[in-house]
Amino acid sequence: MSIFIDHDTRLVVQGITGRDGSFHSKQMIEYGTKVVAGVTPGKGGQTFDESVPIFNTVAESVWEGGANTAVIYVPARFAADAIFEAADAGIDLIVCISEGVPVLDMTRVIPYLVARGTRLIGPNCPGLISPGKSKVGIIPGNICRRGRVGVVSRSGTLTYEIIHQLTAHRLGQSSCVGIGGDPIIGTNFIDCLAAFEDDPETDAIAMIGEIGGTDEQKAAEYVAAHVSKPVVGFIAGQTAPPGRRMGHAGAIISGSSGTAAEKMQALSRAGIGVMKRPADVVPLLKEVM
Amino acid sequence: MNLHEYQARALLAKHGVPVPDGDVASTASDVEKIARKLGSGVVVKAQVHTGGRGKAGGVKLADTPEEARTVADRILGMSIKGLTVEKVLVAPAAEIASESYVGVIVDRESQRAVFMVSPEGGVDIEEVAAKTPEKIFKLAVDPRDGLLPHEAMALSFELYDDVKLVRQAATILQQLYATFVDVGASLAEINPLITTPDGKVVALDAKIAVDDNELPMKPKIAALRDASAEAPSEVTARNAGLTFIKLDGNVGCCVNGAGLAMATMDLVKYYGGEPANFLDIGGSSNPEKVVSALAIITADPNVKSILFNIFGGITRCDDVANGIVTATKRLKLDVPLVIRLTGTNEREAVQILEGAGFSALTDMDEAVKRAVQLAKEGA
């Protein structure tokens, strides 16, 4: 197994003819992902890379191509509608790579997905990879190695750094999920922790957080209560200066400032091995695995 | 992006929120003219992107136009939390019967816009939340319906007993929500929302923060940006498509991706150094961006070594290498450069760099240690 994507993933790429979409579609195909369709309105009937049929709508890609997963590379202003369209077409898992999606758009997207039971990863995320099986998004396949560590992260390139450290020390990964760093995202740490806990091919979990918000603290509480597998964690931004916040409402709502120190304490309290630097991931995991 | 009080007031007024008369000025003589036109006692308020203006002496009352001029002379050009006051708002001094707080913010937890209101306004609302959380009332808005009239009424009943005031406040809350959605805000607050002795509800001060992701779609809002209120290096960086925050250390950092950039700064500190900045060159790999990044970093005289930490994904290492070579030809670097590159097109990048007389590392810890060491030697 693995989480969220595997050999059964049949992918439609929304924005397959765009600059990023076409580049990464080729990379995904090369990695072995079953890219069954692309969508670019107005280019229906054409073929991408001499093998992938292009449709005008996501619905057609589901009826005719049998797509069950969608990845979105469209410009930010069209991203919310692309998510609505994929959910409406009956897609089970939507991965939104697009960066710069307005947060108010996301407040409208979330209840729409909840009502349909659709899973969203992102937006503004690198996507996910189950090494040796499937990759959806932009995580470089060559840095990954098939194995038994689950990785979940709010970051992009920092995730690659952690994967790189693991692979360099022959610690392979079951799945690596970049959940995205925006204020409102679909799948969160807890969703991934729960999936890794249930995945028989995952033995240990590395979670990579950042300053801001309280998701890591809540994830820590979840780990303490519900996760039996060993977890190690990293929080980026220990030296970040406090932001010049304008209003007061942010701090009131979250009830905390979301500093790295606060989050690291929360992880530690939950029995999570806390890394001081990315290179600590390997020795910490070797201790607990 | 933060808006000034006078800009926020104008946007609220456009949606029907009652705000006092008044105008903005950048010279003391204009302040006098505005005060004369208003024909009453006035308040002169510094327009800077920070709270605590009153405590810092940036908000003053004046009884006459001449006094307004004197007061403005003192406020204009003063520094509040490191920000120079370039503009002041001149408004009639309001008669205040009561002060409340109303605000709406995007809440990560409920994943919705959440209203917050409190009868304890005008003061530091953070303190109210910490000491008397029972005096803050919250309501999450369903984005499909907006703030419904009965919800606005229910919130307003937490502020006032008199139904005449409640009805006015409820209308203002709906107008505040309309403004919030229209400008694409992440925060919009009125503090204080006052009542006057003759029974009117008026927005006395307002703050709006706009979601930066909305700006490409909203050119009129984007045009409200006041670049003079920001650090010049940060403005230059933004125009070059970079995210830059200046810090006080001496190890200049140039990294792709915000998370890795923060982790790099943390590692500089871990090895006993101090980062000079946060700089994220973003996901694309235009060599020109690298040139701009190096120009911004080297403009800081504190910088004693420069560290590149690039993990190629979308960003191609050879593009970054080309940028480094171009930049070092164009700019005269008198501080040492430490380059760590790994990922997409790493081999090509190393060839480019070695051809130009640079060496490249592949290990992050090694690179950070060396950059910290070189900064210490150069200090």
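Tutor: The secondary structure of chain B comprises 13 helices and 18 strands, where helices (H or I, at least four residues) and strands (E, at least two) are DSSP runs numbered from the N terminus. The model is predicted: local features need pLDDT of at least 70, side-chain atom pairs count only at pLDDT 80 or more, and totals for chains, interfaces and linings use all residues. Residues are numbered from 1 along each chain as its sequence is written, while chains are lettered from A and ligands numbered from 1 in the order in which they are written.

The C-alpha trace of chain B spans about 80 × 50 × 40 Å along its principal axes. Chain B has 379 residues, of which 52% count as buried. A residue is buried if 20 or more other C-beta atoms lie within 10 Å of its own, exposed if 12 or fewer, and partly exposed in between, with C-beta atoms placed from the backbone. Two residues are in contact if their C-beta atoms, placed in that way, lie within 7 Å. Among contacts in chain B between residues at least 6 apart in sequence, 69% join residues at least 24 apart.

One helix pair illustrates the packing. Two packed helices are described by the angle between their axes and the distance between the axes. Helix α2 (residues 28–38) and helix α3 (residues 65–75) of chain B pack at an angle of about 150°, and their axes are 8 Å apart. Such axes are lines fitted to C-alpha atoms, for helices over the stretch in contact, and angles run from 0 to 180 degrees between N-to-C directions. The crossing of α2(B) and α3(B) is right-handed; a crossing is left-handed if the near helix is turned anticlockwise from the far one by less than a right angle, and right-handed if clockwise. From α2(B), the contact uses B:A28, B:S29, B:V31, B:E32, B:A35 and B:R36. Facing them in α3(B) are B:P65, B:E66, B:A68, B:R69, B:A72 and B:D73. By class, this contact has six nonpolar, one polar and five charged residues. Here Ala, Val, Leu, Ile, Met, Phe, Trp, Tyr, Cys and Pro count as nonpolar, Asp, Glu, Lys and Arg as charged, and the others, Gly among them, as polar.

B:K37 also lies in α2 of chain B. B:K37 counts as exposed because it has 11 C-beta neighbours inside 10 Å. The C-alpha atoms of B:K37 and B:P65 are separated by 9.0 Å, although the two residues are 28 apart along the chain.

B:A375, in helix α13 of chain B, counts as buried because it has 28 C-beta neighbours inside 10 Å. Leaving aside residues up to four places away in sequence, B:A375 touches B:N250, B:V251, B:G273, B:K304 and B:S305. Its C-alpha atom is 9.7 Å from that of B:G249, a residue 126 places away along the chain.

The nonpolar cores come next. A nonpolar core is a set of buried Ala, Val, Leu, Ile, Met, Phe, Trp, Tyr and Cys residues joined through C-beta atoms within 7 Å. The largest has 200 residues, and those with the most contacts inside it are A:I72, A:I83, A:I94, B:L173, B:L176 and B:I208. Helix α6 (residues 163–183) of chain B gives the most to this core, with 10 residues. A second, separate core of 24 residues includes B:A46, B:A62, B:A68 and B:A91. Of these, B:A68 also belongs to the contact of α2(B) with α3(B).

The contact between the chains takes 54 residues from chain B and 46 residues from chain A. Elements that give two or more residues to the chain B side include β7 (98–107), β8 (112–118), β10 (185–195), α9 (258–270) and α13 (364–378). The largest share of that side, 10 residues, comes from α9(B). By class, the chain B side has 27 nonpolar, 15 polar and 12 charged residues.

Two backbone details complete the account. Most residues other than glycine have a negative phi, and most peptide bonds are trans. B:Q111, in the loop between β7 and β8 of chain B, has a positive phi of about 60° although it is not a glycine. B:Q111 is buried because 22 other C-beta atoms lie within 10 Å. A cis peptide bond joins B:N191 and B:P192, with omega about 10°, and B:P192 lies in strand β10 of chain B.
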